[in-house]
Amino acid sequence: MDMNDKNVSVQNQEAQNGMAQNAAAQSAAARHTGNLKRNFGFFGPAAFVYAVFYAFCMFRNGSGITFPFFVAGSLLYFCLCLSKLEISLKKGSVFYMAGMALLSVSTFCTDDSRIISLNKTGIFLLMMSLLLKQFYDTSGWKLGKYLGSILQLIFCSIGELDRPFRDGAEYLRKKGKNNKIWFVLLGAAAAVPLLLLITALLSSADAVFGQMMKSLTDWIQPANVFNVTFRILFLFFASYLLLAYLCRHTISEEVKDKRKGEPVLAITVTGLLSLIYLLFCGVQIFGLFLGKMQLPEGYTYAEYAREGFFQLLVVSILNLVIVLFTLSFFRESALLRVILTVMSLCTFVMIASSAMRMILYIQSYDLTFLRILVLWTLAVLFLLFAGVIVGIFRERFGLFRYSVVVVTICYVLLSFSHPDYIIAKVNLKEASQKTEQIDFGYLSSLSADAAPVLVPYMKAAGRDAYVDGLSERLSEGSLRTFNLSRFIAGKTLEKYGEDINFF
């Protein structure tokens, strides 16, 4: 069989696979959409209860004890919905759910707004990936396909905006006027004036109950009512529309093999880059690691070692992009695999060089969140390139799945590490060994995570800005907004004579 016949055979096979996938998708769409419509009596109220639960947990409360409960409730809600749609959780779903649960606990345990924002982004991406996994065969998907599908799911689900109304109207029409929902709505309407009358009588009969009701009515202000109403409506429609769009199975599962590029082109580009990288790595090994090369005039070894880490980080990331791009779009070649391996090995040297330079820089100029993030990124790149080298020689190696696991686990470790605590501890320890003035302005900007280290130091140094600001923030808490890091910070303040009212 010549090359043309082989290409025709491959194209025919791809066409047959595509037709089979389309037929399966249409069948699944009809089945799941039918289940959604028939069971609106479950999905409609469940989405509303879920939305109310969200409003209760998250109203002016981004990192309280209710956040892990909201994430757990979200998983429970979607699992119940999948069960009602007759969809079983697929293998590997536990990893996504465990990642979400750990990040939600991390959010409750930290006061760092940067970590909290990253946690919520991670939870959102894991949730979207988990939902896509239940409705589609994502085993062959890569990063671009996942991100494209998530964007399609988010934006295209808006087109289902009328579905709750249409599905609800059809459900009520089929059930008829004797449906119990009508009696529930009628009973709720009749109970409102009775509740108001009874509440007024009980408030006048008992001073404590009356004070509770007064506090409740004081909270009922237009801004609060609008905020809560918006949250309920937003999550009700968002949760229902996502399910409605997923049930349609309109996202293509097909992942085409795009490795059709001429390998000579890739060999030429990556080969030239590898020559430069080999020369650069030689300089790093003999100059930076062994210190046996003559430095440019006017340079000290300390100055040489403390610069260039950001540039090396960028080059390492570019190398990862180049290698992955080459593996995805160029035909196989033994020589190309060797060159890509050389590029990857050189990148290990660059990662080590960047990390060493950053550590030396931190020893001279203190630790910051950005510098922790750089070191974390370098560690992740190291692990990713280890997987890339395996993927170069083993085509069936699940490189994307490996990357998701690596990034998720590494980020969970970062989110639980309390970077602000590490920053305070390292900087104060280094300050005791140096004569330079301490950057109190930066230390005072750190979150409550750093309180166990900063509070005793600031009190001893007579620096009240951090302590006063922390005391004011903690006094505004409540049981619903209880946060472990802020609680520990409050206990630290109490230990040093500050009066804190947590609830």
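## Lining of the largest cavity

By class, the lining of the largest cavity consists of 8 nonpolar residues, with no polar and no charged ones. Here Ala, Val, Leu, Ile, Met, Phe, Trp, Tyr, Cys and Pro count as nonpolar, Asp, Glu, Lys and Arg as charged, and the others, Gly among them, as polar. The lining residues are Leu-75, Phe-78, Cys-79, Leu-82, Leu-89, Met-127, Leu-130 and Leu-131. Helices (H or I, at least four residues) are DSSP runs, numbered from the N terminus.

This is a predicted model, in which local features need pLDDT of at least 70 and side-chain atom pairs count only at pLDDT 80 or more, while totals for chains, interfaces and linings use all residues. Residues are numbered from 1 along each chain as its sequence is written, and side-chain values use heavy atoms, with hydrogens and water left out.

## Cavity and pocket volumes

Rolling a probe the size of a water molecule over the atoms shows where empty space is left. On a 1 Å grid over the protein atoms alone, a cavity is a set of points where a 1.4 Å probe fits but cannot get out, and a pocket is an open set with protein on both sides within 12 Å along at least five of seven lines; lining residues have an atom within 4 Å of a point. Grid points are joined across faces, edges and corners, and a volume is the space filled by probe spheres set on the points.

The structure has 1 cavity of 30 Å³ or more. The volume of the largest cavity is about 40 Å³.

The second largest pocket has a volume of about 750 Å³. It is lined by 26 residues, and those closest to its centre are Phe-124, Met-128, Phe-234, Leu-235 and Ala-238. Helix H2 (40–58), H3, H5, helix H6 (143–156) and helix H10 (222–248) each supply at least two lining residues. The largest share, 7 residues, comes from H10. By class, this pocket lining has 22 nonpolar, 3 polar and 1 charged residues.

## Helices H3 and H4

H3 also packs against helix H4 (residues 93–109): the two axes come within 7 Å and cross at roughly 160°. Axes are lines fitted to C-alpha atoms, for helices over the stretch in contact, and angles run from 0 to 180 degrees between N-to-C directions. H3 and H4 are therefore roughly antiparallel to each other. Angles under 35 degrees count as roughly parallel, over 145 as roughly antiparallel, 65 to 115 as roughly perpendicular and the rest as oblique.

The crossing of H3 and H4 is right-handed. A crossing is right-handed if the near helix is turned clockwise from the far one by less than a right angle, and left-handed if anticlockwise. In H3, Phe-67, Pro-68, Val-71, Leu-75 and Cys-79 are in contact (heavy atoms within 4.5 Å) with Met-97, Met-100, Ser-104, Val-105, Thr-107 and Phe-108 in H4. These residues comprise 9 nonpolar, 2 polar and no charged. Leu-75 and Cys-79 also line the largest cavity.

## Helices around H21

Helix H19 (residues 451–461) packs against helix H21 (residues 484–495) at about 25°, with the axes 9 Å apart. That angle makes H19 roughly parallel to H21, and their crossing is right-handed. Ala-451, Pro-452, Val-455 and Pro-456 in H19 meet Ile-488, Ala-489, Thr-492 and Leu-493 in H21. The contact has 7 nonpolar residues, 1 polar and no charged.

The axes of helix H20 (residues 465–474) and H21 come within 10 Å and cross at roughly 125°. H20 and H21 are therefore oblique to each other, and the crossing is left-handed. Val-467, Leu-470, Ser-471, Arg-473 and Leu-474 in H20 meet Arg-486, Ala-489, Gly-490 and Leu-493 in H21. This contact divides into 5 nonpolar, 2 polar and 2 charged residues.
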